[in-house]
Amino acid sequence: MVVSNRPRTMVMAGERPISTPLHDVHALSKRIIESFAQKAALCEILPAEASGTDLASVIAICLESASMLLDGRDEPDLAGMARLEEAAAEWAREEIPLDSVLHAIFEGSRIGHRLVSDANSARDFDGASSAVFVLIDVLDTLTTIVTMAYLRELRAISNDQHAAKHTLTTALLSGNPTGAMARHSGIAIADSYVVLAVSLPTQPDVNNSRRNREVAARRRLRKVQAELATRGRQRALSLLSLDGGTILIPAECTDIDPETLIEQLSSAGRVPITATVHTATTNAIPEIVDQLHQLLDVACRLRAAPGLYRFKDLALEYQLSRPGPGRDLLVSVLDRLEEHPELLETLHVHVGNHYNRRASAKALYIHVNTLDNRLRRIAAVLGFDPCHPSGIPYMRAALLARELSADSTRSGYPGNGLRAHQLTGWRPVDAEPVGVGRRLVLRRERS
């Protein structure tokens, strides 16, 4: 119990204790409850049973505490304080807003102070002044006890809910959800979910120490999780780490738009989030999650613009990322150019600029005639013309397969590589030609 360190004496009003109007706690509790009932704002926040003996007993505890301090006693009523903590915890469980609870405490204190003032002469200035300091101590005690108990219960509830959601999410991702688990968590299992695989890239910090990077990453993650809890209407399930993770949204929640959600999470966390999405039945979630994270890996390796991607957006890139003899053959097509890095660089830049000779020459800082000479040399080395209509799709696929292959760290052109738009018809927005040291900002055209 929080009390002042000042030595206490009984506060008097004339020849009687100033606390006299507060001694009939039962009658006064009833009067305060009636006053609450007349105030619509307070009446709305009180639980259904709070108009009876439960609230009356809490008010009685507060009045007795005030009387105790006014009478010069510092020893707290431990049983009463314990009952006050129980009541605060119960209000937290009933989701009564904390600010409304504190407002009710101050309203009750205001009523009690008015009763004390009205019952004593205005000439008892010393007594009234001392009573004000005592009532401040009472408010300090009550608000501290109620707030601490309320927040403690709220944290416990939050931890229980988080653990339940974590358990259910893990079960859904592993393909083992059960009815008993749903009943235990209090969360109904939907027939299907909108599944999102999310990447949270590491952002450069002013201080590049590992500890500060981790602190910044955790701060971003907390902001993203808080925004998800708000925008996801508490219906979204997630397993997120510092690098990203998976989000499950019941398909019935049609008011939650995945693309808008990713934009909101990016804004809240101040991090350019890249994500992939697909709708799956509950039983198919494990398989879909695996495929979505593979698709997300493709998007990240291609350095695609942040945003939301579906399978149809990266279907060709996804297929070329799958290992097999076909991809191995495509990757090997450019092996002959490894001995000519300037030619490999030229090919990357020219394909990246959709075979625009002027744009490619500008990006390479060479004359158009020099570019033509290099392209003829490339054709001679490869044995076919990569700029001929019959060779264009083949060459694009070969460059992309090389970019996506596990052996993409081999020696070769160290530039930007191919981007998703260069195979699917996406157009760069406000971007210079592809070239060394330049990075395209890509957006998908909307129909």
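I'll start with a helix contact: Arg357, Ser360, Ala361 and Leu364 in H14 meet Val368, Leu371, Asp372 and Arg374 in H15, where contact means heavy atoms within 4.5 Å. By type, the residues of that contact divide into 4 nonpolar, 1 polar and 3 charged. Here Ala, Val, Leu, Ile, Met, Phe, Trp, Tyr, Cys and Pro count as nonpolar, Asp, Glu, Lys and Arg as charged, and the others, Gly among them, as polar.

Before going on, a word on the source. This is a predicted model, in which local features need pLDDT of at least 70 and side-chain atom pairs count only at pLDDT 80 or more, while totals for chains, interfaces and linings use all residues. Residues are numbered from 1 along each chain as its sequence is written, and side-chain values use heavy atoms, with hydrogens and water left out.

Back to the helices. H14 covers residues 357-364 and H15 residues 368-382; their axes come within 9 Å and cross at roughly 100 degrees. H14 and H15 are therefore roughly perpendicular to each other, a label used for angles of 65 to 115 degrees. Axes are lines fitted to C-alpha atoms, for helices over the stretch in contact, and angles run from 0 to 180 degrees between N-to-C directions. Helices (H or I, at least four residues) and strands (E, at least two) are DSSP runs, numbered from the N terminus.

H15 also packs with H13, residues 341-352, at an angle of about 110 degrees, with the axes 10 Å apart. That makes H13 roughly perpendicular to H15. On the H13 side the contact includes Leu343 and Leu347, and on the H15 side it includes Leu375 and Ile378. The residues of this contact divide into 6 nonpolar, 2 polar and 3 charged.

Next, charge pairs. The count comes to 10 salt bridges, each a side-chain nitrogen of Lys or Arg within 4 Å of a carboxyl oxygen of Asp or Glu. Glu227 forms one with Arg231, the closest N and O atoms being 2.6 Å apart. Being 4 residues apart in helix H8, Glu227 and Arg231 are separated by about one helical turn.

H8 brings us to the last topic. Which elements each supply at least two residues of the lining of the largest pocket? They are H4 (78-93), H6 (125-174), H8 (210-231) and strand S4 (237-240). H6 gives the most, with 9 residues. The lining residues divide into 10 nonpolar, 8 polar and 3 charged.

Technical notes: Angles under 35 degrees count as roughly parallel, over 145 as roughly antiparallel, 65 to 115 as roughly perpendicular and the rest as oblique.
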